[in-house]
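Okay, everyone, thanks for coming. Let me put the sequence and the structure up on the screen, and then we'll walk through them together.

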Amino acid sequence: MRKAPDQLDSPGASKRGEPNPMVLVGAGVELGGVVAVLTLGGWWLDARWDTEPWLMFAGLAVGLVGGTYNVWRIAKRFFSDL
């Protein structure tokens, strides 16, 4: 059952009330960006504080866990709208 445009409650819904698959693309790009930024940040801090490679691995782990959780949350909402 389609909703009227003024009744859209999902941030990933199109004007016709259908889920927009570009929301999933954005979640994937966000995952890659978060992992890259946290890994590079850890690498930079390792070089600065001479703790190689531990902070880079910590940034990678935090980025993967947090980013994967975000993708799962968005995908769950996307597929429940179908």
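So, helix 1: it has 28 residues, and from its first C-alpha to its last it reaches 40 Å. That's close to the 40 Å expected at 1.5 Å a residue, where the expected span is 1.5 Å times one less than the number of residues. When I say helix, I mean a DSSP run of H or I with at least four residues, while a strand is a run of E with at least two, and both are numbered from the N terminus. By that count the chain has 2 helices and 0 strands.

Before going on, a word on what we're looking at. This is a predicted model, so to speak of local features we need pLDDT of at least 70, side-chain atom pairs count only at pLDDT 80 or more, and totals for chains, interfaces and linings use all residues. Residues are numbered from 1 along each chain as its sequence is written, and side-chain values use heavy atoms, with hydrogens and water left out.

Back to helix 1. Which of its residues are buried? They are Ala27, Val35, Thr39, Gly42 and Asp46, and they pack against helix 2. Buried here is under 20% relative accessible area, exposed is over 50%, and partly exposed is in between, with a 1.4 Å probe and protein chains only. Over the whole chain of 82 residues, 18% count as buried.

Take Thr39 as an example. Thr39 counts as buried because its relative accessible area is 17%. Setting aside neighbours within four places in sequence, Thr39 is in contact with Met56, Gly59 and Leu60, contact being heavy atoms within 4.5 Å.

Now, what happens just after helix 1? Asp50 takes a positive phi of about 55 degrees there, although Asp50 is not a glycine. Asp50 lies in the loop between helix 1 and helix 2, and it counts as exposed because its relative accessibility is 68%. Pro53 is in the loop between those helices too, and the peptide bond from Glu52 to Pro53 is cis, with omega near -5 degrees.

Last stop, helix 2, which covers residues 54–80 and includes Leu64. With a relative accessible area of 41%, Leu64 is partly exposed.

That's my tour, so over to you.
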